[in-house]
Amino acid sequence: MSTSTIARQRLAPILGRTARWVLGKLGGGIFVLWAVATAIFFGIRMIPGDPAEAIMGGPGSQASAEALAAARAEYGLDQPLYVQYFSQLWRLATGDMGTSYSLKTPVAEVLGELIPPTLVLAVLALVVAWALALVLAVISTRSGAVGTAIASGLEIVSAAVPHFWLASVLIMLFATALGWLPPVSTSTPAGLVLPVITLALPLAGFLGQVMRDTMARAQRSAFALSARARGESEIGVLLRHSLRHAALPGIALSGWAFGSLLSGAVVVESIFARPGLGRSLLSAVTARDIPLVTGVALISAAAYVVIMALSDIAERLADPRIQAS
Amino acid sequence: MNYVRPKATRLFSAAAAVAAALVLAGCAPASPAPESGSEAGSEAGTPVTGGTLVYASGDAEPTCLDPHVGGNYPQALVASQYLETLYTKDASGQLIPWLAEDSTVSEDGLLRTLKIREGISFTDGTALDAAAVKANFEHLLDPETASSTGFLALGKIASMKVVNTTTLELTLSTPDSSLLESFSMPWVAIESPTALKRSQEDNCAAPVGTGPFKVESWKKQDAVNLVRNADYVQPVATEGHDGAAYLDAITWRFIPEAATRYAALQSGEVQIIDNAQPDTIAAAAKTQTIKHLDAPRPGASNRIELNSSKAPFNDASVREAFIHAVNVDASIDSLFFGTAPRSYSPLSSAEPLAYSAESLFAYDPAKASELLDAAGWSERDAEGYRVKDGTRLTLTFPVSTSQSIPAEQSLFEQLQATAKESGFDVKIKLLDLSSWYGELFKNDYNLVSAPYTKVGPSVLSVLFHSDSTIPAPSGYFANLSQVKDPSLDALLDTAGSTKDEAERKDLYSQAQKKVLEGYYLLPLYDQQNHFLYSEKLRNVGATTAVATPTFFDSWLAN
């Protein structure tokens with residue numbers, strides 16, 4: 001038996017596991033997207049009124065019968081519901097998200113313009129939240145019972161703060177009273193500060209709570225003791241061993257956190273008058289713009305699925321024990 | 001026009017601030033400050049050319065910048081900067097020709113001849129002429145355009161004929177005494193016929209007009225960028241200046257959140273905001289750096305309509321009882337901080353033909369009780385609500401959260417509370433716009449509040465003519481109180497077709513008296529249209545016929 005055969009035999013089950021894992025994730029992702037598309041399709045049609053009105057400029061439009069009929073025909077709304085449903089699924093599957101009723105532009109084009117600003121906002125908020133949570137966890141673990149109590153209090157308060165309220169307070173403090181930062185999110189980097197903090201603070205509180213608990217447990221564990229016995233300094237133990245443990249639940253939660261950032265973006269983008277997916281979702285729902293609502297929801301769901309998978313991979317990399325299980 | 005004198009204290013503090021500034025600067029005003037209720041006294045100084053005005057709108061972002069498509073107020077606001085109308089209203093509220101020079105009508109009222117002004121060009125170089133106006137009307141009447149407001153306004157035009165470059169003849173299906181008022185609305189503004197030939201998508205992105213500004217670019221969810229029309233020719237000389245506007249550009253931003261909008265104004269990031277909320281107007285009055293423009297919209301007043309087509313409001317005495325059971329004045333005062341004067345008319349105070357009947361709308365629970373007893377609602381149940389034949393005196397009140405500001409929703413809640421004392425069970429349902437329309441289409445309401453903006457008293461026909469109880473194909477109908485009164489229809493029809501201005505006034509007064517005395521509606525206040533602006537922005541106050549501000553004469557002080 002050659003070494004390569006042995007390697008192959010050893011590798012095969014691992015490859016098989018990875019393939020199964022990838023396929024599972026892919027299947028799960030497709031299922032989620034299908035469920036979202038279906039829920040949106042039927043959900044929006046439960047709202048009273050005629051989607052053709054939305055195309056003609058809103059439910060209060062006094063559009064003529066001919067104009068409504070033309071709109072229905074153009075957007076396929078004169079077809080039976082199941083035909084509309086399957087043809088929409090087919091279009092979505094082939095990558096065609098249709099044309100926005102209210103903006104009269106292809107949904108893909110609208111999303112192309114709105115994804116980048118929201119992505120910037122969400123990623124920055126996630127990074128800031130992580131940084132805050134880690135700093136808070138390290139400092140509180142280093143500073144004993146009083147520090148822990150203070151940090152824990154801060155975390156609970158910030159985790160519980162609603163975005164809407166936080167944004168208003170930040171605007172009042174930093175824009176109106178101090179005049180340091182613009183209250184509306186302009187194209188300058190300064191305009192990003194308040195929206196990012198608004199999204200990051202509650203998330204940091206949440207992540208911090210989980211990470212600090214795990215870190216404290218790790219500090220008391222056997223491997224920490226043995227590291228200390230080997231002469232590792234206290235800060236060394238914290239940074240080299242406990243931090244890695246503490247990061248694990250944080251990574252696991254980041255997928256969920258990203259989803260919560262997207263929903264937070266609806267509020268934050270509206271308050272800070274920032275273009276993005278969240279704000280367009282709000283106006284699309286108000287205008288009953290079915291293609292646009294579907295597009296935003298699908299993109300958000302897809303992002304959620306991808307981030308969940310990425311956080312899964314990151315978790316496996318950080319903790320080899322997960323692979324074994 | 002449409003300009004309400006600021007409260008005396010505010011005027012005084014503004015004047016005092018200016019006086020102090022002048023003393024500090026070592027000079028005195030050259031002449032006594034004008035008295036006229038304008039803020040000219042605080043706007044002394046030489047106009048400065050240049051600068052970009054940043055306007056922050058709280059209205060929805062238009063989905064199309066051409067107000068022919070659809071036709072709502074957010075479109076009118078921004079379009080007033082780059083489009084102009086055939087007619088408009090002057091500072092005293094009088095209808096005056098603008099892009100049109102003159103107009104005559106035949107004896108039978110069926111042939112309207114429009115004279116179009118010469119020497120005016122669209123910003124793409126196309127000349128304004130009769131054919132251009134015809135192309136606009138055709139665009140508005142084309143179902144493909146999907147015009148609602150403009151389409152209705154031109155509904156009586158049967159055919160058009162270009163007689164020569166400056167003359168357009170319109171043949172009407174029935175006489176229309178409100179046609180010129182319709183021509184003054186931004187939804188019927190005149191655009192370049194060359195530009196109209198583009199695709200609807202292109203025209204929506206950058207309509208081409210004759211106004212003092214033109215559309216340069218539009219970044220969705222962010223801003224419409226307007227730049228000065230260097231070749232602007234004002235159709236009619238006004239008190240202001242000649243030539244192009246002072247401002248280089250206007251950045252028209254969309255900031256949906258009221259508190260953010262006000263913060264942006266306070267921090268100097270924007271110079272003017274619309275949809276100012278009552279509490280911020282009151283707060284701004286205490287500052288010396290922010291000023292207030294109150295320009296109520298024309299057309300109907302904001303009102304609660306009582307659905308007379310179903311129980312219990314099919315009984316006029318129950319409608320009357322409800323109106324006496326609610327304490328409107330006290331609630332408006334407290335919730336709107338004195339920024340919204342009470343209305344007793346179906347029409348806006350901006351309408352010269354508005355008729356008021358204050359005496360009908362007194363808060364009088366004793367009278368309400370008397371009327372309800374007489375109408376058979378004499379029993380009360382355990383919770384204190386009145387009942388008749390085992391049915392509770394319940395009123396459903398769907399409220400659209402996108403059309404009613406928070407202060408108004410609170411007002412409705414207070415009215416609900418006072419009506420309860422007289423035994424009415426008012427059920428307020430807060431709904432999104434689509435669901436709200438859904439309730440109306442199903443006739444599932446007793447009370448409703450809906451705005452309606454249109455220039456001129458003909459809005460009364462839209463709201464109270466029995467024809468308006470017949471739903472449009474979309475389900476929409478405008479006569480929400482569902483008045484069906486042949487004598488009222490006759491008054492409105494005659495008023496709509498008469499050529500005699502005195503007769504028109506008399507007929508519309510009678511019609512208003514009829515709906516008020518029938519207790520079909522509870523007038524509340526004018527459609528709120530408040531602007532707050534930085535004192536650095538000078539000469540704001542000029543508005544179009546639909547009370548949108550224009551910035552041709554405005555300038556930014558350093």
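Which order do the strands have in the open sheet of three strands in chain B, and with what pairing?

A: In this predicted model, the three strands of the open sheet follow the order β19-β13-β20 in chain B, and their pairing is antiparallel. The edges of the sheet are held by β19, residues 447–448 of chain B, and by β20, residues 521–525 of chain B; each of these has a single partner strand, so one side of each is left without a neighbour in the sheet. Strand β13 of chain B, which covers residues 302–306, is joined to β19(B) by two bridges, and these strands run antiparallel. At the level of residues, B:L306 has B:L447 in β19(B) as its bridge partner.

Among contacts in chain B between residues at least 6 apart in sequence, 71% are between residues at least 24 apart. Chain B has a radius of gyration of 24 Å, which agrees with the value near 24 Å that a compact globule of 558 residues would have, while its C-alpha trace spans about 75 × 65 × 45 Å along the principal axes. Of the 558 residues in chain B, 57% are buried, that is, under 20% relative accessible area. The accessible surface of the chain amounts to about 21,200 Å², with 53% of that area belonging to carbon and sulfur atoms.

Key: Residues are numbered from 1 along each chain as its sequence is written. Chains are lettered from A and ligands numbered from 1 in the order in which they are written. This is a predicted model: local features need pLDDT of at least 70, side-chain atom pairs count only at pLDDT 80 or more; totals for chains, interfaces and linings use all residues. Side-chain values use heavy atoms; hydrogens and water are left out. The radius of gyration is taken over C-alpha atoms; the globule rule is 2.2 Å times the number of residues to the power 0.38. Buried means under 20% relative accessible area, exposed over 50%, partly exposed in between (1.4 Å probe, protein chains only). Contact means heavy atoms within 4.5 Å. Accessible areas come from the Shrake-Rupley method with a 1.4 Å probe; for residues, only the protein chains shown count as cover. Two strands pair if DSSP finds at least two bridges between them. Helices (H or I, at least four residues) and strands (E, at least two) are DSSP runs, numbered from the N terminus.
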